[in-house]
Amino acid sequence: MSAVFARLIASRLFWPIVMLLVLFAINLIAFPGFFAITIKDGHLFGSLIDILRNGAPTLIIAVGMTLVIATRGIDLSVGAVCAISGAVACSIILGSPDPANGATVAVAVTVALAISLVLGVWNGFLVAVLGIQPIIATLILMTAGRGMAMLITEGQILTVNSPPFKAMGSGFWFGVPIAVIIAAVVFAVAALLTRRTALGMLIESVGINPEASRQAGVRARGLLFAVYTFCAFCAAIAGLILTANQTAADANNTGLFLELDAILAVVIGGTSLAGGRYSLAGTLVGALVIQTLVTTVYTVGIPPIATMVFKAAVVAAVCLLQSPTTNQALAGFRRRLALRAGKGIAAS
Amino acid sequence: MKKLIGLAAAGALIVGLAGCASGGSGGGAAEGPVPLDELVVGFAQVGAESGWRTANTKDIQASFEEAGIELKFSDAQQKQENQIKAIRSYIQQGVDYIAFSPVVETGWDAVLNEAKAAGIPVVLTDRAVDSQDDSLYVSFLGSDFIEEGKKAGQWVLDEYADATEKVNIVQLEGTTGAAPAIDRAEGFAEVIAENENLEVIASQTGDFTRAGGKQVMEAMLKSNPDIDLVYAHNDDMGLGAIEAIEAAGLVPGEDIKIVTVDAVKDGMQALADGKINFIVECSPLLGKQLVDIITTLNEGGTVEKRIITEETTFTQEQAIEALPDRQY
């Protein structure tokens, strides 16, 4: 029994999941109907559905970010890529004679995603070929990208009135939010591609020791290109969802600081920024913790001035509980307890 | 002599200083009316961070072109240091007047003293500076955010004048700490306090964005089932709230009434469609009033230290009328 419990605590996912449950409990106390899910106008409706739907963009980016971080990299440009993809899609839809046409939206989405591939290749080029440190390399696109989005929208907020596009962000398919379905597909594809093949292990090996993996015959350069391109692609999907959700391309605010949320989700999920072993399931829990945190602030009615402090306290708690030093201290404490109990038994 | 008194009354110590400087190159202000086509005005803009700001820039540029006054324009990209550099370069070029929208409230004394020493009158637009020395600028032209909050509150007060039950109001605040967010909340709270049935049951920041307004509203709709009215500090958050209300199976404008501030085009469209009930205007179109201030000063007249932008309010009927001519 205690062995099972010990293994559970040792799991990297234990503390993030505990934190998620604690947040759920806080919500439940503040608002008893928190877990209620009803059907309204033929779709699911409830706080948990909101958390899943609003957390979908963060999760999608965090999946890409997990793979980048596993190679000992980081991608700061995802927020800017969000803004660019939204700006591109909206300007194409606005420029077409028939914005409500499904084909127009398909073209807009395809072009936006294609551009993100180019942006991802650019990041990959800077990191893999020129050998620039990832934080600096992606900082370039983080700064320049938002400027590019501003140029595309000419500094305006572009509002589009296109039902098929809007559906990406706030529509439902068989009662389930489309954004959630998209996130699930991205997650499943990433998990299958990297965990059912050797790809995941190769990515980890690049993160642990690039030189050793190169000498062992792993094509580090190609892998780096792949993860940065995939990350930008994820960012573009998230950008389209965010833009569709607000039915407007806002070059200034779309995806602002989202890179930090995504990195945080990855870290809460137990993947180390030093690269190597990564956990996609952990990232999923991390993204849910972040979004639940946001919802908690609104549900509990924490005053806006205190919001940042509250969020920081929760994040600090998760990080503290996860840190190896804390874990060791806790384990030592438990051992002493067990020892004392054991002595007690022996003496009697 | 008349013009000297005029300028002194305008609250600027410029007169004496400009007199000293008049031997030099710049400082045309004290040398009698300059023909309009020889006037040079330097304008330092905040940036292009919102649709509102872009409309503001376009209007100022168009107004000066129409008046035939040369306008030197700079964009500070939301950075104070850029704006200070721009103002210094205007001083060196010896422009006749400087107008600017300060990015932040503090830290302007040094550069404004330089302008004062060079005898160049400064007009603030849209945003104020926080300085002990109000002789540093001639006039501040902009909206009164408290008044905007009061106008919104007044509509709510009138709308629910006969209410016998409690009216549940939720407030979507602007960016925490921003002057418009603080003042619009203050003005609103002051007016609705007259009727004790009106109560703000929840208030959260939506950061002036649509996505923010939508997410906050979604959560509020779940934890507070009987919301009667939403007061959003700008149109964008109101538009986000509309989406959240529709997703909850309610009708915005009927089941839950919405009052916002700004009157940008998308907001006006929603008002005309009946999804918003009332909008208080916060106009970016202050180019014409700025030209008036400068021509008045140029002719030696006096201007008020604080000039409120000409603004109105819109009901749904007025929005349908005004919408075709809306510029922004």
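Where in chain A does A:Asp41 lie?

1. A:Asp41 sits in the loop between β1 (38–40) and β2 (43–45) of chain A. Helices (H or I, at least four residues) and strands (E, at least two) are DSSP runs, numbered from the N terminus. The phi angle of A:Asp41 is near 50 degrees, a positive value in a residue other than glycine. A:Asp41 is exposed, with 11 other C-beta atoms within 10 Å. The cut-offs: buried means 20 or more other C-beta atoms within 10 Å of the residue's own, exposed 12 or fewer, partly exposed in between, with C-beta atoms placed from the backbone.

2. On the model itself. This is a predicted model, in which local features need pLDDT of at least 70, side-chain atom pairs count only at pLDDT 80 or more, and totals for chains, interfaces and linings use all residues. Residues are numbered from 1 along each chain as its sequence is written, while chains are lettered from A and ligands numbered from 1 in the order in which they are written.

3. B:Ala263 lies in the loop between β9 (257–262) and α10 of chain B. With 26 C-beta neighbours inside 10 Å, B:Ala263 is buried.

4. Next, the cores. The largest nonpolar core has 151 residues, and A:Cys231 and A:Cys234 touch the most other members. Helix α11 (residues 220–245) of chain A gives this core its largest share, 18 residues. A second, separate core of 43 residues includes B:Tyr90, B:Val95, B:Ala115 and B:Leu286. A nonpolar core here is a set of buried Ala, Val, Leu, Ile, Met, Phe, Trp, Tyr and Cys residues joined through C-beta atoms within 7 Å.

5. Not counting residues up to four places away in sequence, A:Cys231 touches A:Gly64, A:Met65, A:Leu67, A:Val68, A:Asp75, A:Val78 and A:Gly120. Contact means that C-beta atoms, placed from the backbone, lie within 7 Å.

6. The interface: 27 residues of chain B contact 26 residues of chain A. On the chain B side, α3 (51–67), β7 (198–205), α8 (210–223) and α9 (235–247) each supply at least two residues. α8(B) gives the most, with ten residues. By class, this side of chain B has eight nonpolar, eleven polar and eight charged residues. Ala, Val, Leu, Ile, Met, Phe, Trp, Tyr, Cys and Pro count as nonpolar, Asp, Glu, Lys and Arg as charged, and the others, Gly among them, as polar.

7. Helix packing in chain A. α2 (residues 14–30) and α14 (residues 304–322) of chain A pack at about 150 degrees, with axes 9 Å apart. That makes α2(A) roughly antiparallel to α14(A). From α2(A), the contact uses A:Trp15, A:Pro16 and A:Met19; from α14(A), A:Val314, A:Ala317, A:Val318, A:Leu321 and A:Gln322. These residues divide into seven nonpolar, one polar and no charged. Axes are lines fitted to C-alpha atoms, for helices over the stretch in contact, and angles run from 0 to 180 degrees between N-to-C directions.

8. Helix packing in chain B. The axes of α9(B) and helix α10 (residues 265–272) come within 9 Å and cross at roughly 45 degrees. α9(B) and α10(B) are therefore oblique to each other. Under 35 degrees counts as roughly parallel, over 145 as roughly antiparallel, 65 to 115 as roughly perpendicular and the rest as oblique. B:Asp235, B:Gly238, B:Leu239 and B:Ile242 in α9(B) meet B:Asp266, B:Gly267 and B:Ala270 in α10(B).

Terms used
Contact = placed C-beta atoms within 7 Å.
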